[in-house]
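Student: I have a model open and want to learn how to read it. Could we go through it feature by feature?

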Amino acid sequence: QTQLMESGGGVAQPGGSLTLSCSASESFYRILIMGWHRQVPGKEREMVAQVSDSGRAMYAESVKGRFTVSRDNDKNTVSLQMNFLRPEDTAVYYCKFNTSSAENESSNHWGQGTQVTVSS
């Protein structure tokens, strides 16, 4: 089973920055969307940022202007640059790939998550 591997989580102070990265253990026929979601205990997982294969990016309202998502189609990686971090950004961040096969079958692939903690 394809695995997505995240890196870059950790602890940052309010106003600080962190960069998350995600790569896949194998290649896909086509990766439609690469993105990041996050979850805190007791709440549903929410989309943070995602980018399509055409380069169109979408962001949650709470992170607009602070986070930037980017993808490298040659390396099948996606990154999330997080600036001006706030305590409410504290969560487990998950990488997600939405892929399509040659038979046009869609699949979702998730990473295991990386903890981001924003605290002084």
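Student: What should I know about the model itself?

Tutor: The model is predicted: local features need pLDDT of at least 70, side-chain atom pairs count only at pLDDT 80 or more, and totals for chains, interfaces and linings use all residues. Residues are numbered from 1 along each chain as its sequence is written, and side-chain values use heavy atoms, leaving out hydrogens and water.

Student: Which salt bridge do the side chains of arginine 30 and aspartate 53 form, and at what N to O distance?

Tutor: A salt bridge needs a side-chain nitrogen of Lys or Arg within 4 Å of a carboxyl oxygen of Asp or Glu. Here the arginine 30 and aspartate 53 side chains meet at 2.7 Å, N to O. The pair links distant parts of the chain, 23 residues apart. Arginine 30 is in strand β4, and aspartate 53 is in the loop between β5 and β6 (57-59). Strands here are DSSP runs of E with at least two residues, numbered from the N terminus.

Student: How many salt bridges does the structure hold?

Tutor: There are 5. One of them joins aspartate 89 to arginine 38, with the closest N and O atoms 3.0 Å apart. Aspartate 89 sits in the loop between β8 and β9, arginine 38 in strand β4, 51 residues apart. Both aspartate 89 and arginine 38 are buried. A salt-bridge network links Arg38, Glu46, Arg66 and Asp89. Glutamate 61 and lysine 64 also meet in a salt bridge, at 2.7 Å. Glutamate 61 is exposed at 62%, while lysine 64 is partly exposed at 45%.

Student: Which side chain of opposite charge is nearest to arginine 71?

Tutor: For charge, Lys and Arg count as positive, Asp and Glu as negative; His and the chain ends are not counted. The nearest is aspartate 53, 5.5 Å away. Arginine 71 is buried and has no salt bridge. Look at polar contacts instead: N or O atoms within 3.5 Å, one able to donate a hydrogen and the other to accept it within protein, with sequence neighbours counted only if both atoms are side-chain atoms. The arginine 71 side chain reaches the backbone oxygen of isoleucine 31 at 2.9 Å. The backbone oxygen of leucine 32 lies 3.4 Å from a polar atom of that side chain.

Student: How do the strands around β4 pair?

Tutor: Two strands pair if DSSP finds at least two bridges between them. β4 and β9 are antiparallel over 9 bridges. Arginine 38 has tyrosine 93 as its bridge partner in β9. β4 and β5 are antiparallel too, over 6 bridges. They form a hairpin with 6 residues between them. In its turn, glycine 42 has a positive phi of about 85 degrees.

Student: Which residues touch the most other members of the largest nonpolar core?

Tutor: In soluble globular proteins, nonpolar side chains tend to be buried together. A nonpolar core is a set of buried Ala, Val, Leu, Ile, Met, Phe, Trp, Tyr and Cys residues joined through side-chain atoms within 4.5 Å. The largest has 27 residues; Trp36, Phe67, Val78, Leu80, Met82, Tyr93 and Phe97 touch the most other members. Elements giving two or more residues to this core include β3, β4 and β9.

Key
Buried means under 20% relative accessible area, exposed over 50%, partly exposed in between (1.4 Å probe, protein chains only). Helices (H or I, at least four residues) and strands (E, at least two) are DSSP runs, numbered from the N terminus.
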